[in-house]
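This briefing is intended for a reader who meets this structure for the first time. Please keep the sequence and the 3D view at hand while reading the points below.

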Amino acid sequence: MAIMSFIFAFFFFSSLQPILSLYEDQVGLMDWHQQYIGKVKQAVFHTHKTGRKRVVASTEQNIIATLDLRSGEIFWRHVLGPNDVVDGIDIALGKYVITLSSGGSILRAWNLPDGQMVWESSLHGPKHSKSLLLTTNLIIEKDNSLIVFSNGRLNAVSCIDGEVLWKKDFEEESLEVQQVIQPPGSDFIYVVGFAASSQFETYKINAKNGELLKHESTAFSGRFSGEVSLVSSETVAALDSTGSILLTISFHNGKISSQQTPVSNLLEDSPGLAVIIHSSVTGIFAIKTDAATIFIRVIGEGKLEVVEKTNHETVVSDALSISEGQQAFALVQHAGSNIHLTVKPAHDWDSNLLKESIKMDQQRGFVHKVFINNYIRTDRSHGFRALIVMEDHSLLLLQQGAIVWSREDGLASIIDVTTSELPVEKAGVSVAKVELNLFEWLKGHVLKLKGTLMLATPEDIAAIQYMRLKSSEKSKMTRDHNGFRKLLIALTRAGKLFALHTGDGRIVWSHLLQSLHKSESCRQPIGLNLHQWQVPHHHALDENPSVLVVGRCGPSSDALGVLSLVDSYTGKEFSSLRLVHSVAQVIPLPYTDSTEQRLHLLIDADKHAHLYPKTPEAIDIFQSEFSNVYWYSVDDDNGIIKGYALKTKCSGNVADEFCFDSRELWSIVLPSESEKIITTATRKLNEAVHTQAKLIADQDVMYKYISSNLLFVATVAPKASGEIGSVTPEESWLVVYLIDTVTGRVLHRMTHHGSQGPVQAVLSENWVVYHYFNLRAHRYEMSVIEIYDQSRADNKDVWKLVVGNHNLTSPVSSYSRAEVITKSQSYFFTHSLKAIAVTLTVKGITSKQLLIGTIGDQVLALDKRFLDPRRSVNPTQAEREEGIIPLTDSLPIIPQSYITHSLRVEGLQSIITVAAKLESTTLVFAHGLDLFFTHYAPSRTYDSLTEDFSYALLLITIVALVAAIFVTWILSQRKELQDRWR
Amino acid sequence: MEKGKGVLGAGRRWAVDFSDNSTAPSSRDIPDPPGFTRASVDQDDSAVSRQKKDAEANWKAQKAWEVAQAPFKNLLMMGFMMWMAGSTVHLFSIVFEPYKDNKVELLGPKLLFIALNLGGLALGVWKLNTLGLLPTHASDWVSSLSPAQEVEYSGGGIPL
């Protein structure tokens with residue numbers, strides 16, 4: 001009791017200072033931040049001028065970035081919106097980065113050194129089409145110009161200010177423009193394309209004014225398919241739709257002449273369906289079949305010759321002109337654990353300008369893209385550097401046979417994150433280390449002491465700061481007693497698993513999962529999520545923890561599933577399983593076997609439940625709890641929520657004792673004309689709740705309705721599921737439900753009229769907080785619902801409680817239909833939200849704070865006390881003492897409570913909270929394109945000394961006090977003696 | 001209390017006994033002063049000493065009551081102090097030992113003493129209760145009651 005009062009007193013005092021902030025010198029102490037750009041789609045080098053050499057890249061995550069060519073660091077970066085897909089980039093005038101985005105309708109110029117936008121123009125046209133960006137050195141009306149083909153219109157745009165100089169529409173409905181070509185040194189442009197898939201069309205346009213000079217077209221018997229490859233400025237190569245006939249079409253001076261060559265003429269064996277690889281190397285093009293990549297040279301009038309047939313995964317770069325009239329291109333091939341980089345001149349296949357073999361980490365997979373750049377060596381020969389994009393989305397720069405730098409850009413697309421403990425520290429290892437560093441340790445503390453007493457010089461302060469930031473303590477590979485050091489295990493879209501150390505964010509291991517690798521049986525594998533498979537603590541401590549990776553072969557829900565078990569310490573995939581059923585849901589069960597492996601239930605598309613691990617022990621454990629396991633599914637397309645119980649063994653023809661049939665128990669069918677499910681939220685499985693009682697003013701008590709089977713569902717009017725403002729307040733409503741997923745009982749239903757999504761919600765303990773838009777007030781709102789168990793409320797007899805004669809801790813069933821009451825309140829909130837989470841501590845004693853991912857990609861902490869339905873305008877004295885804040889119409893945003901301080905987590909997707917062993921502290925990991933990690937103590941670190949606590953000062957104070965005691969004792973003795981003699 | 005102690009027999013270091021009991025002739029080697037008749041003195045001696053002793057007993061009883069009632073004076077003061085500022089713990093020393101005598105009835109004073117001290121204690125408890133430091137409410141017994149275990153388990157959600 002005394003301890004509890006003590007803790008409550010602590011909370012009370014800590015709650016007096018709700019603002020938690022960071023001092024400037026604490027930045028980087030507990031937190032780290034990493035910036036990524038994602039998988040590079042296109043890269044342009046900028047190395048001509050003196051100054052920093054850089055590379056401009058656009059990525060699949062719609063980012064434009066310039067990187068330092070020496071180190072790979074980001075100079076500047078712009079994140080375009082999710083719908084603003086980059087179609088092309090280039091450098092113009094040596095100082096502008098030109099980007100064409102949003103389906104060719106937005107053209108922007110960015111200043112190369114600092115990334116500021118110089119101009120933006122929007123290009124519209126008569127119809128949707130392919131977007132092509134062509135930088136030329138054409139000078140129209142004294143301006144350098146760009147040629148852009150987009151939305152069925154050819155535009156010439158000034159490089160200086162983005163003004164459209166002339167435009168020419170290609171309105172013909174069936175015309176598909178494939179290439180826009182400007183023969184070097186000429187002042188006309190060819191626009192080539194297919195009309196109605198069988199006609200080849202060329203337009204010759206005057207580049208000065210957009211005037212049509214000539215239009216030719218030829219019909220072919222077959223149909224064209226896919227891309228064309230430019231063989232020269234007046235010749236293209238194409239494939240017909242069967243993929244078996246190659247066409248070379250030349251349109252010299254407007255005259256179209258073509259040659260048809262069956263692919264089988266070039267290759268002895270039938271290659272199957274071929275596709276053309278987009279490249280721009282003069283005289284050579286490449287086609288790719290299932291088995292091989294074939295390089296074909298065009299000699300003279302449409303004559304074709306196979307120059308090389310490679311069976312490896314081969315990637316070819318675009319042509320690079322290295323000197324007057326000479327072009328080079330790069331080829332990258334795999335050979336075992338090495339990759340071969342070859343640079344060849346375009347005119348001569350058999351000679352090599354460069355041939356290098358580089359050892360490549362197997363965990364990076366195949367090369368996906370290569371971009372080359374040349375430089376002049378001191379002996380005036382050509383040197384080449386190559387930027388390669390790997391299967392795991394990483395980016396590497398190769399130069400002189402070595403990897404100069406690499407970037408793990410796969411981390412920009414994290415699908416799911418889980419955590420794992422580190423190994424326990426072995427006795428006898430650390431002691432020697434401490435002894436060795438005793439002097440260092442002492443020196444450190446003396447420095448700290450100087451800092452505390454304000455005696456430190458600026459150099460000392462810098463040394464202290466360095467020591468704090470580089471503390472080896474936080475990046476050790478062992479478990480600490482505060483639980484701050486853990487492994488963050490992240491699954492990326494590329495199918496790679498990363499383990500990051502929470503201390504400094506470094507990659508401990510990374511593993512490209514073989515089970516999520518493309519293969520014959522699994523053509524389009526995708527990772528779905530991660531689960532903790534084995535978390536050894538008690539009786540299996542010598543086993544390594546492991547994680548379960550769930551994936552499926554293909555995007556459709558009935559594709560077969562893939563399971564993979566990965567050791568958390570080493571990253572080794574020790575078991576991989578191709579399932580014979582699909583995976584619609586993964587349900588971790590609250591049961592573990594004797595080796596602490598967690599039981600998982602996988603539900604397939606046919607509503608069969610499959611138990612994993614497939615061991616007799618697991619089935620024994622599961623059988624004993626069989627009747628208490630339920631599952632539910634939310635069909636958001638049809639607005640149906642269904643609950644199931646497990647029945648007997650599967651009725652299929654294969655005897656499988658780990659497979660169970662489901663029996664539908666209940667269903668909630670929402671009227672499809674008025675409600676559409678947009679969000680659901682459940683409680684975190686690992687959330688600890690300290691108490692079921694909530695003490696309120698006047699010594700009263702309310703009992704929380706705490707159930708892990710609580711589901712929050714938010715629905716909106718189908719009309720209002722679009723963007724904010726697309727409907728009037730009268731047509732729009734938001735309905736929220738709290739549903740018990742065992743019985744299907746709707747515990748609470750509430751309608752917000754005139755409100756609209758998107759809804760972000762978080763459910764914890766007995767409350768749910770959600771965020772939506774109020775159309776009437778034109779503001780965002782946040783609401784809180786707290787749910788209490790009224791049937792327990794009469795447990796008020798002190799004597800019964802003292803002797804323990806109550807049923808408050810006896811197991812409860814959802815079928816007992818507890819009487820519940822709910823309290824709710826709404827507040828205005830300034831920001832729109834990207835993510836919402838709640839702090840999580842190990843015992844759930846510490847008060848909670850909401851972590852809000854704002855639209856500005858920052859993480860804001862908001863005390864849950866601001867979202868308390870018992871707030872009123874004038875709280876009574878007792879309520880004030882309890883900590884109830886007077887009601888205001890909007891929630892305050894305290895600038896100091898941004899836990900990301902000055903940093904931004906670009907493209908914020910999700911915020912993950914993990915409990916540390918220290919009750920006061922929660923670990924926060926936010927990811928999007930960037931990663932951010934920090935420790936957060938919602939009620940301050942009341943249970944530990946702060947990191948900058950000076951032990952030396954404490955020691956000196958004690959010594960000084962003891963000395964003072966001795967001195968005064970001696971003095972008083974002497975005085976007493978003198979008094980006696982008097 | 002201090003005054004009584006100085007005069008009383010017990011608990012002192014030295015004393016001059018003015019009542020002369022040395023009536024034995026052997027000790028009388030000094031002749032009585034002229035005009036002094038011992039016979040009359042000896043005759044009265046027992047009556048006087050009894051009287052003296054009775055007075056002393058009365059006085060002791062009276063003093064014992066005084067001591068017993070002493071906390072009463074403190075009580076109001078204590079109450080006031082408690083009312084003023086929090087609760088502090090007093091050490092009530094039981095000092096009836098000096099008055100222990102076969103002839104003195106100490107039960108009454110002791111009971112009063114106990115009763116008054118209990119009164120003080122009650123006041124203290126009452127104060128603690130008003131401060132909310134006594135577990136007299138249901139909330140004090142359920143504040144750290146962990147949530148009840150659930151029988152059923154359900155999982156699921158929107159299909160992946």
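The contact between the two chains draws on 55 residues of chain A and 26 residues of chain B, where contact means heavy atoms within 4.5 Å. This is a predicted model, in which local features need pLDDT of at least 70, side-chain atom pairs count only at pLDDT 80 or more, and totals for chains, interfaces and linings use all residues; side-chain values use heavy atoms, with hydrogens and water left out. Residues are numbered from 1 along each chain as its sequence is written, while chains are lettered from A and ligands numbered from 1 in the order in which they are written.

**Interface between chain A and chain B**

- About 3500 Å² is buried between chain A and chain B, and carbon and sulfur atoms give 60% of that area; buried area is the accessible area (1.4 Å probe) that two parts lose on being put together, summed over both.
- There are 22 residue pairs in polar contact between chain A and chain B, both residues being at pLDDT 80 or more. A polar contact is a pair of N or O atoms within 3.5 Å; within protein, one must be able to donate a hydrogen and the other to accept it, and residues adjacent in sequence count only if both atoms are side-chain atoms.
- The number of salt bridges between chain A and chain B is zero; the term denotes a side-chain nitrogen of Lys or Arg within 4 Å of a carboxyl oxygen of Asp or Glu.
- On chain A, the elements that give two or more residues to the side touching chain B include strand E43 (585-592), strand E46 (629-635) and helix H7 (798-803). Helices (H or I, at least four residues) and strands (E, at least two) are DSSP runs, numbered from the N terminus.
- E43(A) supplies the largest share of this side, seven residues.

**Strand pairing across the chains**

- E46(A) and strand E1 (residues 153-157) of chain B run parallel and are joined by five bridges; two strands pair if DSSP finds at least two bridges between them.
- Opposite A:Tyr632 stands B:Gly156, in E1(B).

**Salt bridges in the whole structure**

- Over all chains, a search of the whole structure finds 29 salt bridges.
- In one salt bridge, A:Glu408 is paired with A:Arg364, with the closest N and O atoms 3.0 Å apart.
- A:Glu408 is in the loop between strands E34 (402-407) and E35 (414-421) of chain A, and A:Arg364 is in the loop between strands E30 (354-359) and E31 (367-376) of chain A, so the pair ties together parts 44 residues apart in sequence.

**Spans annotated in UniProt**

- In an unreviewed entry, UniProt lists "transmembrane region" for residues 75-95 and 107-126 of chain B. UniProt positions are given in the numbering used here, feature names are shortened, and annotations may be inferred rather than shown by experiment.
- Residues 107-126 of chain B are 100% helix and 0% strand, with end C-alpha atoms 28 Å apart.
- UniProt also places a "transmembrane region" (unreviewed entry) at residues 949-972 of chain A; this span is 92% helix and 0% strand, and its end C-alpha atoms are 35 Å apart.

**Backbone features**

- A cis peptide bond, with omega about -5°, joins A:Tyr612 and A:Pro613.
- The peptide bond from A:Gly757 to A:Pro758 is cis, omega being near 0°, and A:Pro758 lies in strand E55 (residues 755-764) of chain A.
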